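Dear colleague,

I am passing on the structure we spoke about, and I would be glad if you could look through it with the notes below beside you.

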Amino acid sequence: MALIKLNTNSLSDNAVTTDKIVNDGNLGNRNLIINGSMAIDQRNGGSSVTPTADQTYVLDRFGAGLSVASKFSLEQTTTVPAGFKNSMKATVVSAYTPGASEWFGFFQKVEGLNTSHLDFGTSNAKTLTLSFWVRSSVTGDYGFSLANSAQNRAYPVLYNISAADTWEHKTITIAGDTSGTWLTTNGVGLILLWSLGAGSSFLQTANAWGTGLGLGTTGQTNWITNAAATFYITGVQLELGETATPFEHRSYGDELARCQRYYVQLINGSDHSVSIGSALGSGANQARAVVQFPVEMRSSPSIVSNSGTNYFTIEGIISFNGPMLTTYKNTRAAMLYFSTGTTLTNGQSGVFRSNNASTSLAFKAEL
Amino acid sequence: MIITQAQYCSADGENNSCISAIINGEHHAVPLDPANSDYAEIMRQVEAGTLTIADAD
């Protein structure tokens, strides 16, 4: 293969500059959002969920915010703009007009360890740019907000959806906040909130940092008031600088590992026999098992499990119902313990696995 | 976040090792770790007087 030599005859001096390659950011790892392509759905595998409680996570890293139960559903779909495989879809289940202090929408919380370079809360606070693809059956101005962990600093913005049922690419640039407290720990660094409906208590001045949790401004569209309305979003990217660069597609494995820092679905309620490890009897109707996590988790996780007749088994020894309890935990592993209903010989051990197609077991360290 | 049936659990019968609770409809075993957001929310609701944690069996 012939090589093409570049020299001053074919390429002007200074034609390629750092600013032309990248503006105030990195070539890789630009996107502060995890699962912005909506590819990972460990909990539900694409099934629709109608949240009944605030802070219900649906697709990985994206949670539902709601003041009243069962007004809208969320699900992973394959309705997408070019270049994407998945989106998150919201559907109005029961049209509702939000009261003054009520809101509906979804959010992603970004860990403080990943936002320390933004210098928020200092005079060096850096500008951020958010971009995403969106499609809605209802046109109008929609509210979005960036907030701190205490939700006493927020930057509400309106973005317009001009055509119904049509994918549109939106870009929002936000000047860094020089005030307020912004965590740079393994706590909440910042929160991105997309409003699908909000009462007057959440409406503040747009395009400015304010105190309190502003989610939009007067005149914004309350999508939740429209029966059977739909709203899709994908390609969510938050990056340093004033320019929205093309969406940073990561490998599925990379994106899954990032999600697993916050949630690991070990058994997903669709497979009868999933090995967990080995377990051993510790007397007093109890057995124990150590589980190592695939990645280091953000904090010691909660164990989320269900129970039912013989949902778990120590193969060939005993079956039992669950759920799991935990002790001796940290961010890398946990010891599960559970009641077996009968005393095992200390040290009696065997393969520990699920024993029912409905069994589920997960580790949760969400922000 | 809707939390019900909160109860301390003890692996050794002497020391509390986690809190068993139903959170948003799912059973959780929550570690006693302030960095865990479930534990932080349980403690916030206890502080607010809207949730009580039963002693371990």
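This is a predicted model: local features need pLDDT of at least 70, side-chain atom pairs count only at pLDDT 80 or more; totals for chains, interfaces and linings use all residues.

Residues are numbered from 1 along each chain as its sequence is written, chains are lettered from A and ligands numbered from 1 in the order in which they are written, and side-chain values use heavy atoms, with hydrogens and water left out.

Taking contact to mean heavy atoms within 4.5 Å, 26 residues of chain A touch 23 residues of chain B. The two chains bury about 1700 Å² between them, 48% of it on carbon and sulfur atoms, where buried area is the accessible area (1.4 Å probe) lost by two parts on being put together, summed over both.

Between the chains there are 18 residue pairs in polar contact, both residues being at pLDDT 80 or more; such a contact is a pair of N or O atoms within 3.5 Å, and within protein one must be able to donate a hydrogen and the other to accept it, residues adjacent in sequence counting only if both atoms are side-chain atoms. On the side of chain A that touches chain B, the elements giving two or more residues are β14 (286-292), β15 (302-305) and β18 (325-327), with helices (H or I, at least four residues) and strands (E, at least two) taken as DSSP runs numbered from the N terminus. β15(A) gives the most, with four residues. Two bridges join β15(A) to β3 (residues 26-31) of chain B, the strands running antiparallel, and two strands pair if DSSP finds at least two bridges between them. Within this pairing, A:I303 stands opposite B:A29.

A salt bridge here is a side-chain nitrogen of Lys or Arg within 4 Å of a carboxyl oxygen of Asp or Glu, and the count over all chains is 13. One of them crosses the interface of chain A and chain B, namely A:K364 with B:D38, whose closest N and O atoms are 3.0 Å apart. Both A:K364 and B:D38 are buried, which means under 20% relative accessible area, exposed being over 50% and partly exposed in between (1.4 Å probe, protein chains only).

Within chain A, A:R30 and A:E239 form a salt bridge (3.6 Å, N to O). A:R30 lies in the loop between α1 (18-21) and β1 (56-57) and A:E239 in β11 (residues 230-240), so the pair ties together parts 209 residues apart in sequence. A:R30 and A:E239 are both buried.

With best regards
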